[in-house]
Amino acid sequence: MEDDVQTLAAEQGLNLEALRAALAALRMHAGGDAFYVFWLPRGSVASDDGKKRSRTLLAFPSPDAALGFVQRNRLVHPPNVPRLRLLSLVQLLRVILREPSIIALHLVFDAEELQTYPPGHLPPGLHLTREDVLRLVGVQ
């Protein structure tokens, strides 16, 4: 994992110590270092006019929580099959920093609360805008 942190700092021109501090803070607030996200094939997130649309990256504490959220919100329709990927906080930051269309990261907290949360709303969690993430890692 330390190699990933050093690689991200070098790729993005980030201060290594600021990045380490940001990851420690995220770990503390989010309650973990690894989260499950849905991965969609390239081109499946384009808008009707062909432009990339803004997205919020939802990251769940377990695969069951992620699948339950998608099923309750009817976000995947056949023949599409939900594909989950396990990403560390470092990998999540890398995705956000590389992809300008991702405007926020939402780290979902407790998987048990998801069962009672109404469809159509973001579940309880730590919500960081792109600007929050840039500020957190020391980019002004």
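Modeller: Strand E1 (34-38), strand E2 (55-59) and strand E3 (84-88) are among the elements that cover the buried residues of H3, contact meaning heavy atoms within 4.5 Å. Helices (H or I, at least four residues) and strands (E, at least two) are DSSP runs numbered from the N terminus. The model is predicted, with local features requiring pLDDT of at least 70 and side-chain atom pairs pLDDT 80 or more, while totals for chains, interfaces and linings use all residues. Residues are numbered from 1 along each chain as its sequence is written, and side-chain values use heavy atoms, without hydrogens or water.

Helix H3 spans residues 63-72, and its buried residues are Ala-65, Ala-66, Gly-68, Phe-69 and Val-70 (buried: under 20% relative accessible area, 1.4 Å probe, protein chains only; exposed: over 50%; partly exposed: in between). After H3 comes Arg-74, with a positive phi near 50°.

Glu-99 counts as buried because its relative accessibility is 18%. Its side chain also makes a polar contact (N or O atoms within 3.5 Å, one able to donate a hydrogen and the other to accept it; for residues adjacent in sequence, only if both are side-chain atoms) with the side chain of Ser-101, at 2.8 Å.
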